[in-house]
Amino acid sequence: MNVQSSRRPALQRVLIGAVGTVLLLVGLPQARAVPSFARQTGMACNTCHTVFPELTPFGREFKLNGYVLDNIKQIKGITVERQETLALSSIPPLSAMLQVSYSKTKDAVPDTDPALAATGAFAKDGDLLFPQQASLFYAGKIADGLGAFVQLTFSGAANTFAIDNTDVRYAHHFSSASWGEKDLLLGLTLNNNPTVQDAWNTTAAWGFPYQSSNVVPTPITSPKLDSGAGGIGQNAGGLGAYLWWNNSIYAEFTAYTASKIGGTHPLDSTQATVINGLAPYWRLAWENRWDRNSLSIGTYGMVLNIFPGAGMPLSGPTNKYTDTAFDAQYQFIGEEHMFTALATYIHEKQQLNASFQNGLSQNQDNTLNTLRLAGEYYYRRQIGGSIGFFNTTGSSDNLLYPSGSVDPTTGVATGAVTGSANNSPNSSGYIFEANYLPWLNVKLQLQYVYYTKFNGGSTNYDGTGRNATGNNVLYLLGWFNF
Amino acid sequence: MKRASVLLQVVTLAAVACLGRPALPADIPDANKKAAEKMASEVCAACHGPGGRSISPTFPKLAAAPAPYLEMQLKSFRDQTRADPDAIAYMWGMAAQLDDAMIGALADYYSRQRPAASKPGDVALVSAGKRLYEQGVPARQIPACASCHGATAEGNGVIPRLAGQHAPYLRKQILVIQNALRTAPVMHGVVKDLTLDQTQAVALYLESL
């Protein structure tokens, strides 16, 4: 095995740290629920959601049918052959969202690392974020069978206004006398974030926790299909096709490619996380419903060839990431009590041909796995609590996950908070949540994230003296949809 | 005196329903029947199940319900006179843009569907429920449900089918009729003195039919 030296130019390490923290700042897209749909359908939030943004079986049907269920006056057009040329809702399905939050880590981020301080990544830790996010939505029908979920978000952390989760889809039902009452739905999805199109709440875009702080340290990496720092998120745009058979079996294939917002175009070496060519994504799920219960189990995955970034040109060898994942979801939706259990496990095989050749990784091949579990309970959709567990494990790599250190003479640190003394991405912990909803469209949340392990260790995990529990986060959120 | 009053209300209700005569199956053009079937299987089935045989007790089974009853309910959702919580949350929106022709065709479609399977319940409770259904509670002037809903709870005209219906749905309807969240003057008079135990028993009996 050709082991690369662990002594690397400080500039390179800073660059990698900076890229990592920029990813943290931008954050990965979080899930949303929208009164646009309530305005369009005339139906209250509790018909499609247990508690937003988690979907009920009816909510999954609404989404898979293309967001087109529409019970308001239409503006129509037809030809002399009675073909419909327009079906536009008389009022647009618009809505807005405001999130105001406060985050506080148990230990303040140290100011001994000038490079980290310069990124401003955790500068808002301990501040009131007003807003954390403010979004506008067009979410609903465009034409018969064609609908969209379009979100535009102002990020209070990054001070940017940009397109957020977007899913445009078309769906059509097919029936046949030989199928009896069984129904086939075929659809197309055009979206900018792998798993945003998914109907279950186990995958990255819509999974638990549905909202969390984006101004605090998070583990250094995670698989591409996870919602953590390593996730591909909105760096991809894709077109896919899906089928939903007998309200029970779901199958989808979507091809993604690089789609970067902002930055220089054509994309050049200043850009990171650029996919080369097409990245296929697949999804299979089976759902069974009985009485007030639903249970779904499924699998999903993706193969991505990504240029290594860090100033490398967008040509030549790439790093190949192959994600294979499994998920399961159970819901009980009672008259007063509601319970949901969520589970997903993502296994990633990394063939780092480009990084290895360029001295950015110690190993040519690594693995990275993430397990996420959550249990949620609500009483009358008004008050509830949730517990989540996450665990990321992966190959050690002293170039991908370098250690931080402190200069004994100057006391200046490098790689503080983001470093890994054990050169390991292993991170785990628990998420505790208490939620109060005075109305169906307002959620007041208290969340606590407790790390048992962070970037490969629990005490002095980063090589500059920080403990994993130092990154524990108290997070208060007011989430208003209107 | 009270029983006569209840009967008088039933007769009046039936007369009123007859004046706004629901469409007979022969009246409904084929194109409307097809459109209703399409809507039922692509939209309504998401909650009420294929053919109106719903899975979750939040959503009533519609299969084999009498067409005049379904028509009356859809119109009451559309004009928002039925105002129990689930009606407001789900059905006010769903019925808002339905015209009379579609309402008639949907009601006709569901009335022609084969009924859902029944569900056996606790033997003692089902037996108590059967007694209640067939005899009422004379001591408290609660008439027998069977006198309007039919000996086998199949319903008739504007009186709904109860046989095979989800027990939790039936319990909830009795509750919302008792506290007048759902406007049903005749039924309010009938069920207002039913206890929770009696409600549970009769609901389980009806689900077992």
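Predicted model: local features only at pLDDT ≥ 70, side-chain atom pairs only at ≥ 80, totals over all residues.
Reader: Where does A:Gly145 sit in chain A?

Author: Look in the loop that links strand 4 (128–143) to strand 5 (146–155) of chain A.

Reader: And which residues is A:Gly145 in contact with, leaving aside its neighbours within four places in sequence?

Author: A:Gly66, A:Val68, A:Tyr170, A:Ala171 and A:His172. For a sense of scale, pick A:Phe432: A:Gly145 is 287 residues from it in sequence, and the two C-alpha atoms are 40 Å apart.

Reader: Zooming out, how many helices and strands are there in chain A?

Author: Chain A has 6 helices and 20 strands. Its C-alpha trace spans about 80 × 50 × 40 Å along the principal axes.

Reader: What does the radius of gyration say about chain A?

Author: The idea is to set the value beside the one for a compact globule. For 482 residues that would be near 23 Å, and chain A comes out at 23 Å, so the two agree. As for burial, 52% of the 482 residues of chain A count as buried. Contacts can also be sorted by sequence separation: among those in chain A with a separation of 6 or more, 64% join residues 24 or more positions apart.

Reader: On to chain B. What does the domain assignment give there?

Author: Two pieces: domain 1 (2–7 + 118–207) and domain 2 (23–111). Their C-alpha centres lie 22 Å apart. Where they touch, 16 residues of domain 1 of chain B are in contact with 14 residues of domain 2 of chain B. The domain 1 side of that contact has 7 nonpolar, 7 polar and 2 charged residues.

Reader: How should I read a nonpolar core, and where is the largest one?

Author: In soluble globular proteins, nonpolar side chains tend to be buried together. Here the largest nonpolar core has 87 residues, and B:Leu70, B:Leu106, B:Tyr110 and B:Val202 have the most contacts inside it. Both domain 1 and domain 2 of chain B give residues to this core, so it lies between them. Apart from it lies another core, of 24 residues, including A:Trp206 and A:Leu352.

Reader: Which residues is B:Val202 in contact with, beyond its neighbours within four places in sequence?

Author: B:Gly129, B:Leu132, B:Tyr133 and B:Cys145. B:Val202 is also one of the buried residues of helix 10 of chain B.

Reader: What does helix 10 of chain B look like?

Author: For a helix, compare its end-to-end reach with the expected span. Helix 10 (residues 196–207) of chain B has 12 residues and reaches 16 Å from first C-alpha to last, close to the 16 Å expected. The helix is mostly covered, with 9 of its 12 residues buried. Those buried residues pack against helix 6 (123–135) and helix 8 (167–178) of chain B.

Reader: Last one: how many residues of chain B are in contact with chain A?

Author: An interface can be counted from either side: 18 residues of chain B are in contact with 20 residues of chain A. On the chain B side, helix 2 (30–48) and helix 4 (85–95) each supply at least two residues. Helix 4 of chain B gives the most, with 6 residues. By class, the chain B side divides into 12 nonpolar, 5 polar and 1 charged.

How values were computed
Residues numbered from 1 in each chain as written. Chains lettered and ligands numbered in written order. Contact = placed C-beta atoms within 7 Å. Helix = DSSP H or I, 4+ residues; strand = E, 2+ residues; numbered from the N terminus. Nonpolar A, V, L, I, M, F, W, Y, C, P; charged D, E, K, R; others polar. Expected span 1.5 Å × (residues − 1). Buried ≥ 20, exposed ≤ 12 C-beta atoms within 10 Å, placed from the backbone. Domains from an automatic or database assignment. Rg over C-alpha atoms; globule rule 2.2 N^0.38 Å. Core = buried A, V, L, I, M, F, W, Y, C linked by C-beta atoms within 7 Å.
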